[in-house]
Amino acid sequence: MTNGTATTAGLDARLEQYRVELTGYCYRMLGSSFEAEDAVQDTMIRAWRSFDKFEGRSSLRSWLYRIATNVCLDMLTAGNKRARPMDLTESTPLARAALSPRPDNTWLEPMPDSRVLPTPADPAEAAVAKESVRLAFMAALQQLPAKQRAVLILREVLAWKAAEVAELLGTSVASVNSALQRARATLAERQQPGAGAAVSDPLDEEQKKLLDRYVAAFEGYDMSALTALLHEDAIMTMPPFDLWLTGADDITGFMTTLGAPCAGSRLVPAQVNGMPGFAQYKPDPEAGGFTPWAVQVLEISDGRITGFHCFLDTQRWFPLFGLPLRLEAESDQVEQGA
């Protein structure tokens, strides 16, 4: 191996060690799984090409975050704010339920934990990281101007000092503190549905039992059992459709009418946005076996399910999560690859 090749390989390895945390940062900034991965790839390419200009006045990690921030700010200049259905429309009664899709770039997207959550030694850091990718917090971040978003993430989630953030953004400590104060005020004013979700890390015994009961109820399509698990104000969403439903009656009513083809589905556990989740496969009446239908994300509080979010673009989501695009009839479980 030549010295040049060795140097290149060494630089690649040094940059690569930051990929997961940078993806988490860009995902919080952008609200999109695929845009986050594109942003990190762009960051890595820019860093690789300009490494000879890196003078070491800051750490390599800080330098990469500076590049990633600039990439994200450039991507956010179009002003698109990704959202959940309840951020855009009023809840629809079941009697008026209609499945109206909106373009992909409308929606806050799900993300596998493994792609955005490093494994810090400190359990408290791990808990903060998980909370900061939950759908409700992600939706709240999308309400902030881009630079306030960056300041809040760097200060509150990543625990950077105000002086470090000021240096990264090329501004003053006073400006950083002001932006953080405004960002906190905005989040306090706009309490997001799902913000009260409380999931232990790892799951406690009661939460594990709740999820076991949920799987049994859903796979058995037992609406009475499912009703017993849902909070009275539970919310169901189904991006890319802007429809969202509130309450056990409308949710189970939808599942037995428009959602009736999901009867007999199989659920495979998945770790999504710091929350319990499942890949849902529904029966394939033509070919047999099961075909992908949704990535589900569950929000839990006080022993009940408060949020039930189904992301339906399976051709995009299942490969991202390392999930197969088919289950055979005799397979009730699969190994999750993500």
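Biologist: How exposed is aspartate 313?
Modeller: Aspartate 313 is partly exposed, with a relative accessible area of 23%; buried means under 20%, exposed over 50% and partly exposed in between, using a 1.4 Å probe and protein chains only. Please keep in mind that this is a predicted model, in which local features need pLDDT of at least 70 and side-chain atom pairs count only at pLDDT 80 or more, while totals for chains, interfaces and linings use all residues. Residues are numbered from 1 along each chain as its sequence is written, and side-chain values use heavy atoms, with hydrogens and water left out.

Biologist: Which residue does aspartate 313 form a salt bridge with?
Modeller: The partner is arginine 316, and the closest N and O atoms are 3.7 Å apart; a salt bridge here is a side-chain nitrogen of Lys or Arg within 4 Å of a carboxyl oxygen of Asp or Glu. Arginine 316 is partly exposed as well, at 24% relative accessibility, and it also lies over the face of tryptophan 317, at 4.9 Å from the ring centre. For a charge to sit over a ring, NZ of Lys or CZ of Arg has to be within 6 Å of the ring centre and within 35 degrees of the ring normal.

Biologist: Where else does a charge sit over a ring?
Modeller: The charged end of lysine 282 sits over the ring of tryptophan 293, 3.8 Å from its centre.

Biologist: Back to salt bridges, how many are there, and which residues are linked in a network?
Modeller: The structure holds 16 salt bridges, and a network of them links Glu35, Arg82, Asp104, Glu109, Asp313 and Arg316. Within it, glutamate 109 pairs with arginine 82, with 3.3 Å between the closest N and O atoms. Glutamate 109 lies in the loop between helices H5 (85–88) and H6 (113–116) and arginine 82 in the loop between H4 and H5, so the bridge ties together parts that are 27 residues apart in sequence; helices are DSSP runs (H or I, at least four residues), numbered from the N terminus.

Biologist: Are those two buried or exposed?
Modeller: Both count as buried, glutamate 109 at 3% relative accessibility and arginine 82 at 4%.

Biologist: And what does arginine 184 pair with?
Modeller: Arginine 184 forms a salt bridge with glutamate 156, the closest N and O atoms being 2.8 Å apart. Arginine 184 is in helix H11 and glutamate 156 in helix H9, so this pair connects parts 28 residues apart in sequence. Arginine 184 is partly exposed at 43%, and glutamate 156 is partly exposed at 39%.

Biologist: Switching to aromatics, how many pairs are there?
Modeller: There are ten aromatic pairs. One of them joins tyrosine 214 and phenylalanine 218, which is tilted, at 5.8 Å centre to centre and 40° between the planes. Rings of Phe, Tyr and Trp (its six-membered ring) pair if their centres lie within 6.5 Å, and planes under 30 degrees apart count as stacked, over 60 as edge-to-face and the rest as tilted.

Biologist: Where do tyrosine 214 and phenylalanine 218 sit in helix H12?
Modeller: They are four residues apart in H12 (residues 205–219), separated by about one helical turn. Tyrosine 214 is buried at 1% relative accessibility, and phenylalanine 218 is buried at 3%. The ring centres of phenylalanine 218 and tyrosine 221 are 5.9 Å apart with the planes at 85°, so that pair is edge-to-face.

Biologist: Which residues make up the cluster?
Modeller: Ring pairs link Tyr214, Phe218, Tyr221, Phe278 and Phe308.

Technical notes: Helix = DSSP H or I, 4+ residues; strand = E, 2+ residues; numbered from the N terminus.
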